[in-house]
Amino acid sequence: MANLIQARLIHLLLALLFVSSTIASSDVPFIVAHKKATLTRLKSGVERVSVSIEIYNQGSSTAYDVTLNDASWPGDVFDIVSGETSKSWERLDAGGHLSHSFELEAKTKGMFHGSPAVITFRVPTKSALQEALSTPILPLDVLADRPPEKKFEWFKRLLAKYGSLISVVSFVVLFVYLVASPSKSAAKGSKKKR
């Protein structure tokens with residue numbers, strides 16, 4: 001009984017391997033898209049969101065009529081400052097890369113959960129449009145109350161960790177300097193004897 005199950009499992013794995021290799025060797029584009037959003041605080045009450053979307057064709061053929069649409073930014077929450085949320089290209093060659101970016105300004109405070117961007121493209125062998133989704137973005141805490149940045153925090157941590165060592169080394173260096181350098185009174189005394 002166990003041998004029969006193992007034999008069927010091996011046959012199933014071989015069939016899956018054959019099907020996956022057939023699909024992998026087919027002549028179609030494979031679109032991978034990465035969406036990234038970063039927050040930038042300009043001043044109190046004003047925050048901008050910079051969005052960049054990278055589109056890669058990892059397949060073995062060209063994708064035509066490539067269209068990017070990122071409709072996940074509602075107009076009542078964000079204003080478009082620069083760029084557009086949608087863009088079209090004539091083609092994306094195999095192994096090629098496209099990039100698009102735009103900038104938004106936040107109007108309201110709160111957590112924002114964006115959805116993936118939609119990329120549509122045409123394959124020469126199929127009449128229907130193909131669709132791919134970008135990676136989703138992490139939730140953005142727009143216009144959040146953040147504590148002010150501590151500019152010298154790294155210096156304070158370094159001083160707290162190595163402060164005693166720095167003071168001991170400073171005393172040793174000062175002592176060596178005082179012992180090794182000639183005193184001014186001794187230099188004046190030797191000049192008078194001449």
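Let's start in the middle. The largest nonpolar core has 29 residues. Ile-55, Trp-73 and Phe-78 have the most contacts inside this core. Keep in mind that this is a predicted model.

Who builds the core? Several elements give two or more residues to it: S1, S2, S3 (63-69), S5 (86-92), S6, S8 (118-122) and S10 (140-142). All of these are strands.

What does Trp-73 touch, leaving aside residues up to four places away in sequence? The list runs Lys-35, Ala-37, Val-49, Val-51, Phe-78, Thr-85, Phe-102, Leu-104, Phe-112, Ile-137 and Leu-140. Phe-78 is on that list, and Phe-78 is also one of the residues with the most core contacts.

Next, the sheet. Find four strands in the order S1-S2-S6-S4. The sheet is open, and its pairing is antiparallel. Which strands stand at the edges? S1 and S4, which covers 78-82. Each has a single partner strand, so one side of each is left without a neighbour in the sheet. On average, neighbouring strands here are turned by 30 degrees against each other, direction ignored.

Let's walk along that sheet. Begin with S1, residues 31-43, and S2, residues 46-57. They run antiparallel, and 12 bridges join them. Look at the end of S1. Lys-43 has Val-46 in S2 as its bridge partner. The two strands form a hairpin, with 2 residues between them. Gly-45 sits in the turn and has a positive phi of about 90 degrees.

S4 pairs with S6, residues 97-106, over 4 bridges. This pairing is antiparallel too.

Is His-100 buried or exposed? It is buried, with a relative accessible area of 9%. Its side chain reaches the backbone oxygen of Glu-84 at 2.6 Å. Leaving out residues up to four places away in sequence, His-100 touches Val-51, Ser-52, Ile-53, Leu-68, Glu-84, Ser-86, Lys-87 and Trp-89. Val-51 is a contact of His-100, and Val-51 is a contact of Trp-73 as well.

Last stop: residues 159-180. UniProt, in an unreviewed entry, places the feature "transmembrane region" there. What does the model show over these residues? The chain is 100% helix and 0% strand. The end C-alpha atoms of this stretch are 29 Å apart.

Terms used. Residues numbered from 1 in each chain as written. Predicted model: local features only at pLDDT ≥ 70, side-chain atom pairs only at ≥ 80, totals over all residues. Heavy atoms only, no water. Pairing = 2+ DSSP bridges. Axes fitted to C-alpha atoms, helices over the stretch in contact; angles between N-to-C directions. Core = buried A, V, L, I, M, F, W, Y, C linked by side-chain atoms within 4.5 Å. Buried < 20%, exposed > 50% of the residue type's maximum accessible area, 1.4 Å probe, protein only. Contact = heavy atoms within 4.5 Å. Polar contact = N/O pair within 3.5 Å; in protein donor to acceptor, adjacent residues only side chain to side chain. UniProt positions renumbered as here; feature names shortened; annotations may be inferred.
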